[in-house]
Amino acid sequence: MTNEQYLYVSYFAAAVGGAGLAALTAMVLAGPLRKATKTQILPQLGKLLRRAFPSWLVLTALLGFISVTYFDCAHHTYAEIVADRAHLIDKTQEQVFQMTIFLAVALITYAVVLIAFLWARTQQLRARIENPRENLGNCSTNDIR
Amino acid sequence: MAGLIVWSVLVALTAVLCIVVVCALRRPMDELLKANSYISPARSFYLRGFTILVFLAALATICKTDMPSGDKEFLEYVWWVVAALQTTFWSLSFWLIGYVAILTLLFVVLGRYHDQ
């Protein structure tokens with residue numbers, strides 16, 4: 001395999017692999033996320049969070065991918081980049097590394113967003129329990145389960 | 001060939017390390033999250049998220065590690081594995097403390113509410 005062929009294959013394989021890893025993560029967490037956000041309180045927000053989750057993960061992984069550039073001090077042109085196989089391998093490793101790290105950060109960020117959602121839901125639930133006149137439905141602590 | 005074998009050993013050791021960390025923390029985390037009914041709906045999300053995070057952290061470290069050359073002595077390979085594992089330990093510690101901080105935040109925000 002020539003260096004140019006390697007560049008083509010590794011570049012697109014890394015992008016597809018990273019997006020696939022993000023999609024797989026979203027699939028694994030889809031069920032638990034549905035369980036956490038599908039309730040009678042704040043249903044629209046819960047739905048939005050569920051819909052946004054896969055796109056958020058995939059976009060963040062791809063952001064990690066495109067954050068790596070092949071150009072540096074020693075490689076100014078395409079010809080210089082293609083001529084250096086070690087540089088190509090190094091950049092592919094860096095792309096995978098960045099996508100994985102970005103994905104982990106995205107997951108942590110979503111965990112914080114979920115905390116905010118749980119807090120908002122708890123506030124609404126308690127407000128409904130404490131002010132029965134404003135209680136539009138028959139809510140209790142069981143509604144959040 | 002020797003380099004590939006040593007790299008495979010590193011991958012296997014990292015996988016074992018991840019499994020040990022997840023197994024050690026999963027049950028206490030589960031019990032903690034189950035204790036509060038305001039938090040328990042999100043329990044499986046946080047548990048699975050934790051498992052995925054540990055493996056992502058390990059994968060990030062592994063993919064940055066180059067295979068060693070095949071002309072080393074046995075103990076040099078051992079040192080290479082240990083040095084690579086050091087990076088994995090750093091990475092896992094960092095992400096672990098980050099996740100613990102998230103769970104602490106969760107209980108700071110929602111822990112004051114108790115079941116009716």
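B:Leu53 touches A:Ala104, A:Leu107, B:Trp95 and B:Tyr99, leaving aside residues up to four places away in sequence; two residues touch if their C-beta atoms, placed from the backbone, lie within 7 Å. This is a predicted model, in which local features need pLDDT of at least 70, side-chain atom pairs count only at pLDDT 80 or more, and totals for chains, interfaces and linings use all residues. Residues are numbered from 1 along each chain as its sequence is written, while chains are lettered from A and ligands numbered from 1 in the order in which they are written.

B:Leu53 is among the residues with the most contacts inside the largest nonpolar core, which has 45 residues. Such a core is a set of buried Ala, Val, Leu, Ile, Met, Phe, Trp, Tyr and Cys residues joined through C-beta atoms within 7 Å, where buried means that 20 or more other C-beta atoms lie within 10 Å of a residue's own. H4(A) gives the most to this core, 13 residues; helices here are DSSP runs (H or I, at least four residues), numbered from the N terminus.

Within chain B, H2(B) and H3(B) pack with their axes 9 Å apart, at an angle of about 150°. Axes are lines fitted to C-alpha atoms over the stretch in contact, and angles run from 0 to 180 degrees between N-to-C directions. The two helices, H2(B) and H3(B), are therefore roughly antiparallel, a term for angles over 145 degrees.

Between the chains, the contact takes 26 residues from chain A and 28 residues from chain B. H4(A) supplies the largest share of chain A's side, 16 residues.

Note on methods. A residue is buried if 20 or more other C-beta atoms lie within 10 Å of its own, exposed if 12 or fewer, and partly exposed in between; C-beta atoms are placed from the backbone. Angles under 35 degrees count as roughly parallel, over 145 as roughly antiparallel, 65 to 115 as roughly perpendicular and the rest as oblique.
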